[in-house]
Amino acid sequence: MKKFVILGGGYGGLTIALNMLEKDLPEDTILEMIDRSPFQGLKTEYYALASGTIAETHIRVAYPDDPRLLLTYGEVSSVDLEKKEILFEDREPVTYDWLVIGLGCVDSYHGITGAKEFSSSIQTLAQTRATYQRINNIAPYGQVSIIGGGLSGVEMAAELRESRADLNIRLIDRGPSLLSAFPSNLQQYVREWMTQHHIELRPNVSLCRLDGGDLYNGDEIIQTDATIWTAGIQPNPIVEALNVPKDRQGRILLNEHHQIPDHKNVYVVGDCASLPFSPSAQAAQAQGKQIAEVMQAIWKGDTPRLGEIKLRGTLGSLGKKAGFGIMGKRTLMTGKIARMLKSGVLWKSKRHFG
């Protein structure tokens with residue numbers, strides 16, 4: 001029997017599994033998905049779990065219950081592309097004939113001393129649970145500092161304000177404005193929302209060190225009771241260890257079929273893949289659908305033909321009642337409609353509708 005192994009049950013990996021199960025698998029092929037968790041966590045909503053506005057069950061998605069899909073749980077330690085093996089910390093290796101690497105990302109601390117040791121994360125479910133406990137233990141009128149003014153930082157700050165009206169919340173960014181990748185009028189809308197909800201904005205801060213509750217901005221010391229890190233990501237260390245060509249961000253370079261050029265039986269999906277747009281759940285799902293199409297073509301003896309991936313836009317939330325977004329390349333939206341759209345996307349994700 002041959003094995004098609006999906007390493008990581010996140011947005012990209014799960015999309016591949018679902019699309020493959022919609023078709024007829026070759027009779028001599030086993031489909032196996034490996035993850036550390038027995039369910040998918042909707043990572044785009046981890047900020048709400050960390051803030052305490054939702055329960056964890058709200059963002060759990062069950063893996064498919066299908067006799068054609070073998071689910072394997074474990075902590076992967078490395079991948080051997082030459083031996084075609086996946087190695088684990090606590091079990092025997094798994095071999096493969098085809099492999100999808102969808103291991104996601106970890107925080108990037110940009111070489112800042114003490115950042116990893118003295119900040120909390122929302123990258124994994126385990127880290128998010130710990131961040132929730134850290135925030136929940138802060139006494140009234142305590143100070144929370146969120147590092148990074150991108151989408152994750154903005155959503156984290158807004159949701160935390162809704163959860164804890166008693167806290168002082170500060171959003172720190174090294175740039176001149178939060179949401180630097182978004183249009184200026186949308187940035188202005190979010191800045192005004194933050195000001196109205198008493199969230200302190202600290203732009204142009206270049207942190208050089210974290211030491212307990214002290215954040216060092218050059219000679220200035222910014223004091224805080226808790227620090228939440230949302231200031232950038234990088235590929236999983238397992239991907240970092242692979243000896244294959246990568247881009248400047250450490251993401252794996254791929255051919256037009258999402259394969260590693262020198263290992264065409266290996267695909268990469270999601271945050272670890274070098275794509276012409278920023279990592280996102282939407283991009284991982286679109287890429288995952290195409291990888292499933294490529295494999296179906298290969299199994300049928302056809303030449304894969306893929307179209308260009310076109311993303312529909314980006315949506316962000318400001319608590320449960322307001323939001324913002326860009327649909328297509330130009331259409332901007334703010335307020336309740338944007339928030340309702342994001343809630344609709346979450347509803348579809350939880351039900352495997354994309």
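In which sense do strand 9 and strand 20 pair, and over how many bridges? Strand 9 (residues 98-101) pairs with strand 20 in the parallel sense, over three bridges. The structure is a predicted model, in which local features need pLDDT of at least 70 and side-chain atom pairs count only at pLDDT 80 or more, whereas totals for chains, interfaces and linings use all residues. Residues are numbered from 1 along each chain as its sequence is written, and side-chain values use heavy atoms, with hydrogens and water left out.

Strand 20 also pairs with strand 19 (residues 259-260), in this case antiparallel and through two bridges. The two strands form a hairpin with two residues between them. Y267 of strand 20 takes part in both pairings: Y267 is the bridge partner of V100, and Q259 stands opposite Y267. Five of the six residues of strand 20 (residues 263-268) are buried, so this strand is largely enclosed by the rest of the structure. Burial is defined as under 20% relative accessible area and exposure as over 50%, with partly exposed residues in between (1.4 Å probe, protein chains only).

These strands belong to an open sheet of six strands with the order 5-2-1-9-20-19 and mixed pairing. Strand 5 (69-73) and strand 19 stand at the edges with a single partner strand each, so one side of each is left without a neighbour in the sheet. Elsewhere in the sheet, strand 1 (residues 2-7) and strand 2 (residues 29-35) pair in the parallel sense over six bridges, and F4 stands opposite L31 in strand 2. Helix 1 packs on the sheet, touching strand 1, strand 2, strand 5 and strand 9, and its direction makes about 155° with that of strand 2. Helix 7 likewise packs on the sheet; the strands touched are strand 1, strand 2, strand 9, strand 19 and strand 20, and the direction of helix 7 makes about 155° with that of strand 20. Contact means heavy atoms within 4.5 Å. Axes are lines fitted to C-alpha atoms, for helices over the stretch in contact, and angles run from 0 to 180 degrees between N-to-C directions.

Helix 1 (residues 11-21) and helix 7 (residues 281-300) also pack on each other, at an angle of about 40° and with their axes 7 Å apart. Helix 1 contributes Y11, G12, T15, I16, N19 and M20 to this contact, and among the residues contributed by helix 7 are A281, A284, G288, A292 and W299. Ten of the eleven residues of helix 1 are buried, so helix 1 is largely enclosed by the rest of the structure; the buried residues include G13, L14, A17 and L21. In helix 7, Q290 is buried, with a relative accessible area of 10%. Leaving aside neighbours within four places in sequence, Q290 is in contact with H258, L306, G307 and I309.

The largest nonpolar core holds 62 residues, of which F4, V154, M156, V190, M194 and L318 touch the most other members. A nonpolar core is a set of buried Ala, Val, Leu, Ile, Met, Phe, Trp, Tyr and Cys residues joined through side-chain atoms within 4.5 Å. Not counting residues up to four places away in sequence, M194 touches V154, A157, A158, L171, L178, I199, L201 and L318. A second, separate core of 24 residues includes L7, Y96, I252 and I260. L7 and Y96 are also among the contacts of I86, as are V5, I34, V76 and L99, when neighbours within four places in sequence are left aside. I86 lies in strand 7 (residues 85-88) and is buried, with a relative accessible area of 0%.

Most residues other than glycine have a negative phi. H110, although not a glycine, has a positive phi of about 55°. This residue lies in the loop between strand 10 (105-107) and helix 3 (125-136) and, at 41% relative accessibility, counts as partly exposed. The phi of N204 is positive and near 55°; N204 is found in the loop between strand 13 (199-202) and strand 14 (209-211).

Technical notes. Helix = DSSP H or I, 4+ residues; strand = E, 2+ residues; numbered from the N terminus. Pairing = 2+ DSSP bridges.
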